[in-house]
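Welcome, and thanks for taking a look at this one with us. Below is a short tour of its strands, helices and pockets.

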Amino acid sequence: MSDMAKTVIIEEHGGPETLKLVEREVGEPGPGEVRIRHAACGLNFIDCYQRSGLYPMTLPHALGMEAAGTIEAVGEGVVHLAPGDRAAYSSAPPGAYCEARVMPAAQVCKLPDAISFEEGAAMMLKGLTVQYLFHRTTPLKAGDTVLFHAAAGGVGLIACQWAKSEGIRLIGTAGSDAKCALALEHGADACINYATEDWAAKVRELTDGKGVDVVMDSVGKDTFMGSLDSLKPLGMMISFGNASGPVDNFNLGILGQKGSLKLTRPTLFTHIADHSACQEMAGMLFGKVVAGDVKIRIDQRFPLEDVAEAHRTLEARRTTGQTILTLS
């Protein structure tokens, strides 16, 4: 089977206008690969970073890091998937914005029947991110307190529910009262409107001046110093994104001055690089969703053809919950 599939590519780095929809040949899977036909694709900030050149790629290149659909064929050596299986993934290389593709099989995960394709496409990158934040980055236990920025976003709403399911107190920040209400509805213990309040001072107030055990910050330069100021001594700062731009020119000595703080900059793709680890992480995520502890909220849907508008909406921070690209 060697058919054509609509695929979104970029030929140069830049704004959403650089996104092009083209027809590409799909081909057959080689050893360790699968061919998957997508039902829906996920949208994430990393896609914007790759498109803009913040995370440079060799061009031309297809975009997109997650999707869900049906396995059409498997290559030699693939034993955890079979033709006809429902599957979802978040993995490299980019190329998920398409109707079908051939890709490495190791990070493609069998999707439980109880989870829809749309949920699968919306949850993998963000849900696996939350899994490593809470289980693979620094020890967290019931009763600990976490500060989570962008708590009403796609990762944030999963994190709010995840924290509640494990007895962890989550203090969120968001950019409006409506977004704060959404975070509270999904399990946040408190949520601070950073547009109207001094959020770092409020965090101190909410923790009786002690600070939080862990900060999970995907915003970047706009929140970085305030996040450090929100930690208790020996606390852990997890900087896992840069929606407001990258943090640069940082003096490590500040960590000592502010209480011997710890700082890490993880990426999901390091955590899921090992096949067994990836499948185990996905199993925990699927378990949370099937049990009802985590509900995947899809608030925006764009046809694949409208991918540029989807990028504009995401970058303008006009989204809540998850955003997906639909395929007719």
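Which residue in S5 is the bridge partner of Ile36? The partner is Ile71. Please keep in mind that this is a predicted model.

**Antiparallel strand pairs**

- Ile36 and Ile71 are bridge partners in a pairing of strand S3 (residues 33-42) with strand S5 (residues 66-74), which is antiparallel and has seven bridges.
- S5 also pairs with strand S6 (residues 86-90), again in the antiparallel sense, and here the bridges number five.

**The parallel sheet**

- Elsewhere in the chain, six strands make up an open sheet with parallel pairing, and their order is S11-S10-S9-S12-S13-S14.
- At the edges sit strand S11 (190-193) and strand S14 (262-264), each of which pairs on one side only.
- Leaving direction aside, neighbouring strands of this sheet are turned against each other by 15 degrees on average.
- Within the sheet, strand S9 (residues 145-148) and strand S12 (residues 212-217) run parallel and are joined by three bridges.
- Leu147 has Val215 in S12 as its bridge partner.
- Helix H5 (residues 199-206) packs on the sheet, where its contacts are with S9, strand S10 (169-174), S11, S12 and strand S13 (231-239).
- The direction of H5 makes about 155 degrees with that of S11.

**Where H2 meets H9**

- Helix H2 (residues 117-135) and helix H9 (residues 275-291) have axes that come within 9 Å and cross at roughly 105 degrees.
- An angle from 65 to 115 degrees counts as roughly perpendicular, and H2 and H9 are therefore roughly perpendicular to each other.
- On the H2 side, the contact involves Met123, Met124, Gly127, Leu128, Gln131, Tyr132 and His135.
- Facing them from H9 are Met281, Ala282, Met284, Leu285, Phe286 and Val289.
- By class, the residues of this contact are 10 nonpolar and three polar, with no charged ones.

**The largest pocket**

- The largest pocket has a volume of about 860 Å³.
- It is lined by 44 residues, and the closest to the centre of the pocket are Phe45, Tyr49, Val155, Ser218 and Ala243.
- At least two lining residues come from each of helix H1 (45-52), H2, helix H3 (154-165), S10, helix H8 (268-271) and strand S16 (322-326).
- H2, already met through its contact with H9, gives the largest share of this lining, with four residues.
- The lining consists of 22 nonpolar, 17 polar and five charged residues.

**The second largest pocket**

- The second largest pocket holds about 200 Å³ of space.
- Of the 13 residues that line the second largest pocket, Thr7, Arg24, Ala62, Gly95 and Arg101 lie nearest its centre.
- Strand S2 (19-25), strand S4 (61-62) and strand S7 (100-104) are the elements that give two or more residues to this lining.
- S7 provides the largest share, with three residues.
- Sorted by class, the lining of the second largest pocket has seven nonpolar, three polar and three charged residues.

Key. Residues numbered from 1 in each chain as written. Predicted model: local features only at pLDDT ≥ 70, side-chain atom pairs only at ≥ 80, totals over all residues. Heavy atoms only, no water. Axes fitted to C-alpha atoms, helices over the stretch in contact; angles between N-to-C directions. Parallel < 35°, antiparallel > 145°, perpendicular 65-115°, else oblique. Contact = heavy atoms within 4.5 Å. Nonpolar A, V, L, I, M, F, W, Y, C, P; charged D, E, K, R; others polar. Pairing = 2+ DSSP bridges. 1 Å grid on protein atoms, 1.4 Å probe; cavity = no way out; pocket = protein on both sides within 12 Å on 5 of 7 lines; lining within 4 Å. Points joined across faces, edges and corners; volume = space filled by probe spheres on them.
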